[in-house]
Each structure stands twice: as C-alpha cells, then as structure tokens.
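Dear colleague,

My notes on what was found in it follow directly after.

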Amino acid sequence: MSKKRGLSLEEKREKMLQIFYESQDFFLLKELEKLGPRKGVITQSVKDVVQSLVDDDLVSKDKIGTSVYFWSLPSCAGNQLRNVYRKLESDVQSSERRLVELADQCNALKKGREESNEREEALSNLKKVEEKYNELKDEMAEYADNDPAAFEAMRDAISVAHAAANRWTDNIFTLRQWCSNNFPEAKEQLEHMYQEVGITDDLDYLEMPTVGN
C-alpha cells in the first residue's frame, strides 16, 4: 500500500488562502497553525506557507500592539494579482522592445562585414601580421638578458654584493685582531679554528670587477 502523497507548496498556499477567504477575518499566527491542519497543512508548515503568501502580497500582515495579525480578502487578492499581471505584461513589452533594439544593433554591426574576397584577403593578412608580431615578441624575449635596464640592474646588484663582501671581510679582520689582543695565549688554538672555518692567510678584500658598458 503506497503512502499518501503530501501537499505541494502551491497546494498548501491555496489551502491557507481558503481559510482567509472563507472567514474574511483577521488571524494570529497561532490561530492559523490550529486551522491549517484542518485543510491538510501541518502545523510546522503553516508559518513558512503564510510568509510566502505575505511575500507575494497575497496576504497582508500588520502589527497591532504586541500582536501580529494576518488577513486577506478575495477582492484584495484579485487586485494584487491584476497588479502583478500588469507588471509582468509591462516587463514582457519592455523585453520585446529591447529584443528589437538588439536585433537592429546586430544588423548594423554586420554592415561592412559581408563575406567577400577582399574581406577574406584582409583577414588572411591580419593573421599573418599577428603571427609575425608573436615571432618578434618571442625573439625579443630571447635577448632580454641584454636589455639595458636589466644590465644596469645587474651592475647595481654586483656593486651591492661587492660592498657587502668587503664589509664582512673587514669584520673578520677586526674580530681576528680583537681575539689576538685579548687572548694572546690561545694563538695556536685560534689559528686552528680559523683554518677550520675557512679563514686562511690569503683572505683579502675583493676588487670591484670590471663590467663593460
């Protein structure tokens, strides 16, 4: 035995509207939640269904004191539906006018672009120019290392690195001298430590390399 199919949202909306139309009275939400099940709308669904009717202007809602009342009259609903219909009809007419305008613009843009031998030749030449442009752009990328701006930036970087290297060399000499002055009895141990870390007698300041213009 198959289960009974529940009401769809639209069917629930119709059932709730019947409550308003049949009584033509004002209701609190809790009253509607009691009346809904008599029409087949479960209590848990009443609030959402009524709110959807309010959103579509099929049910009116107002707060009086601390209570919120809902109501809907057949005549009001009819006027609201007619207003909705007129708005939709106006939107359709506006869309149709816009469609005509777009069609006219499309036709205007097509003028001068009709298929012809001249047009085909022009498009072919354009494609060749674009291909040549891309080739030249790729070739320029291969010579990017010889770009004057890139060369100048490289020379500046070398200058900074050279100054930094000599600054650290100067720091090493200063530290060695300080160790010699303060720990003369540990001269051999210090020399052995210098050898281990790579500080040899041929350590000296670097000369600035010559970079051609």
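Strands β2 and β3 (residues 67-71) pair in the antiparallel sense, over five bridges. Please bear in mind that this is a predicted model. Within this pairing, K61 has F70 in β3 as its bridge partner. The two strands belong to an open sheet of three strands, in the order β1-β3-β2 and with antiparallel pairing. At its edges stand β1 (27-28) and β2 (60-64); each has a single partner strand, so one side of each is left without a neighbour in the sheet.

Leaving aside residues up to four places away in sequence, F70 touches F20, D25, F26, F27, L29, L32, V50, V54, V59, S60 and K61. The largest nonpolar core has 15 residues, and F70 is one of those that touch the most other members, together with M16, L32, V50 and V59. Two or more residues of this core come from each of the elements α1 (9-23) and α3 (43-55). The most is given by α3, with five residues. Another core lies apart from it and consists of five residues, including C179, A186, L190 and I199.

Helix α3 also holds S52. Is S52 buried or exposed? With a relative accessible area of 16%, S52 falls under the 20% cut-off and is therefore buried. A polar atom of the S52 side chain lies 2.6 Å from the backbone oxygen of V49.

Yours sincerely

Notes: Residues are numbered from 1 along each chain as its sequence is written. This is a predicted model: local features need pLDDT of at least 70, side-chain atom pairs count only at pLDDT 80 or more; totals for chains, interfaces and linings use all residues. Side-chain values use heavy atoms; hydrogens and water are left out. A nonpolar core is a set of buried Ala, Val, Leu, Ile, Met, Phe, Trp, Tyr and Cys residues joined through side-chain atoms within 4.5 Å. Buried means under 20% relative accessible area, exposed over 50%, partly exposed in between (1.4 Å probe, protein chains only). Helices (H or I, at least four residues) and strands (E, at least two) are DSSP runs, numbered from the N terminus. Contact means heavy atoms within 4.5 Å. Two strands pair if DSSP finds at least two bridges between them. A polar contact is a pair of N or O atoms within 3.5 Å; within protein, one must be able to donate a hydrogen and the other to accept it, and residues adjacent in sequence count only if both atoms are side-chain atoms.
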